[in-house]
Amino acid sequence: MADSEVPPGALRMTLAVLVLGALFFAGGLLAARRRRFASSAPTTVAGRPKLRRAQRRAGFRALWWQVMLSGWLALAYPEQWTWPTVGLKTGVSLAVSAIVGMLAYGALVAILTGVIHVCGDPGRFLDGSVSTMAALVPRGRTQKAMTWIAFCLFNPVIEELLFRGVLVYQTSLVLGSPWLPIAVGLLVNIGNHWYQGWRSMLLHVPFFAVAVALLFSPLGLAGAVGFHVAGDVVPMALVRRQLRQFRERHRRVGSQEKGLAVPSP
């Protein structure tokens with residue numbers, strides 16, 4: 001099927017993705033409210049801010065949600081979407097496209113890290129990142145394994161396919177122009193991640209821009225998925241290290257406020 005031959009149910013699929021994005025946004029508002037409440041709670045005995053940890057079965061629920069979305073996509077194919085109309089391109093090897101996407105993520109993180117250190121407050125940004133990951137990653141080996149599968153295997157493919165492939169790429173084929181779908185996709189992307197706090201938009205807005213650029217490039221959907229895989233795997237891999245740094249950072253701050261000398265690590 002040529003790129004211009006969109007499936008007959010393409011607009012229905014776009015509408016369904018918009019509804020899904022609205023549900024994500026509503027859930028994100030509730031999560032943000034709980035997060036604000038947790039951040040205003042008293043500090044721990046050690047003097048650091050309390051972190052709201054993920055619920056006990058959070059990994060199972062995350063994985064089950066991804067499986068349900070996968071089933072929906074399978075049922076909607078090919079009446080409402082097809083691989084060519086969501087941006088999957090074969091001019092470049094899929095593996096090469098995915099690897100280039102991963103490298104693009106590394107470059108983006110390096111640039112944003114430099115910008116935050118020069119213009120922003122790295123401590124506040126890192127605390128926000130730790131708070132988000134602590135609320136997503138549950139304790140317990142089995143639940144953590146389910147979380148890894150949900151976020152690092154399913155989520156990059158599902159999210160790119162739905163919110164970039166369908167909402168942006170396929171809808172642009174229907175409308176004959178990419179600009180409105182890109183604008184709507186950006187708003188949906190912000191809504192989907194608003195629960196992480198406004199500082200996280202410093203990452204998610206450029207993340208969206210790079211993902212869309214990869215999608216419309218010769219790398220296509222595979223490049224965007226590779227980019228997203230790196231964007232999910234790296235934070236998951238750094239959770240334990242960031243939690244340890246969070247405790248140490250606030251231990252130093254608390255000790256300095258009490259006039260105690262704390263050796264540097």
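This is a predicted model: local features need pLDDT of at least 70, side-chain atom pairs count only at pLDDT 80 or more; totals for chains, interfaces and linings use all residues.

A residue counts as buried when its relative accessible area is under 20%, as exposed when that area is over 50%, and as partly exposed in between.

**Salt bridges**

Arg 164 and Glu 160 form one of the three salt bridges counted here.

| Pair | Closest N and O atoms |
|---|---|
| Arg 12 and Glu 79 | 3.8 Å |
| Arg 249 and Asp 127 | 2.6 Å |
| Arg 164 and Glu 160 | 2.6 Å |

Arg 12 forms its salt bridge with Glu 79, and because Arg 12 belongs to helix H1 (residues 10-39) while Glu 79 sits in the loop between helix H2 (58-76) and helix H3 (94-119), this pair ties together parts that are 67 residues apart in sequence. Arg 12 is partly exposed, with a relative accessibility of 47%, and Glu 79 is likewise partly exposed, at 39%.

Arg 249 forms its salt bridge with Asp 127; Arg 249 lies in helix H9 (residues 239-257) and Asp 127 in helix H4 (residues 122-136), so the pair ties together parts that are 122 residues apart in sequence. Both Arg 249 and Asp 127 are buried.

**Helices H7 and H8**

Two packed helices are described by the angle between their axes and the distance between the axes. Helix H7 (residues 201-216) packs against helix H8 (residues 220-237) at an angle of about 150°, and their axes are 7 Å apart. Because angles over 145 degrees count as roughly antiparallel, H7 is roughly antiparallel to H8. Among the residues that make the contact are Phe 207, Val 210 and Leu 214 of H7, together with Leu 221, Phe 227 and His 228 of H8. By class, the contact of H7 with H8 has eight nonpolar, four polar and no charged residues.

**His 193**

His 193 is found in helix H6 (residues 179-193), and its relative accessibility of 10% makes His 193 a buried residue. The side chain of His 193 reaches the backbone oxygen of Asn 189 at 2.8 Å. Apart from neighbours within four places in sequence, His 193 is in contact with Glu 159, Ser 200, Met 201 and His 204.

Terms used:
Residues are numbered from 1 along each chain as its sequence is written. Side-chain values use heavy atoms; hydrogens and water are left out. A salt bridge is a side-chain nitrogen of Lys or Arg within 4 Å of a carboxyl oxygen of Asp or Glu. Helices (H or I, at least four residues) and strands (E, at least two) are DSSP runs, numbered from the N terminus. Buried means under 20% relative accessible area, exposed over 50%, partly exposed in between (1.4 Å probe, protein chains only). Axes are lines fitted to C-alpha atoms, for helices over the stretch in contact, and angles run from 0 to 180 degrees between N-to-C directions. Angles under 35 degrees count as roughly parallel, over 145 as roughly antiparallel, 65 to 115 as roughly perpendicular and the rest as oblique. Contact means heavy atoms within 4.5 Å. Ala, Val, Leu, Ile, Met, Phe, Trp, Tyr, Cys and Pro count as nonpolar, Asp, Glu, Lys and Arg as charged, and the others, Gly among them, as polar. A polar contact is a pair of N or O atoms within 3.5 Å; within protein, one must be able to donate a hydrogen and the other to accept it, and residues adjacent in sequence count only if both atoms are side-chain atoms.
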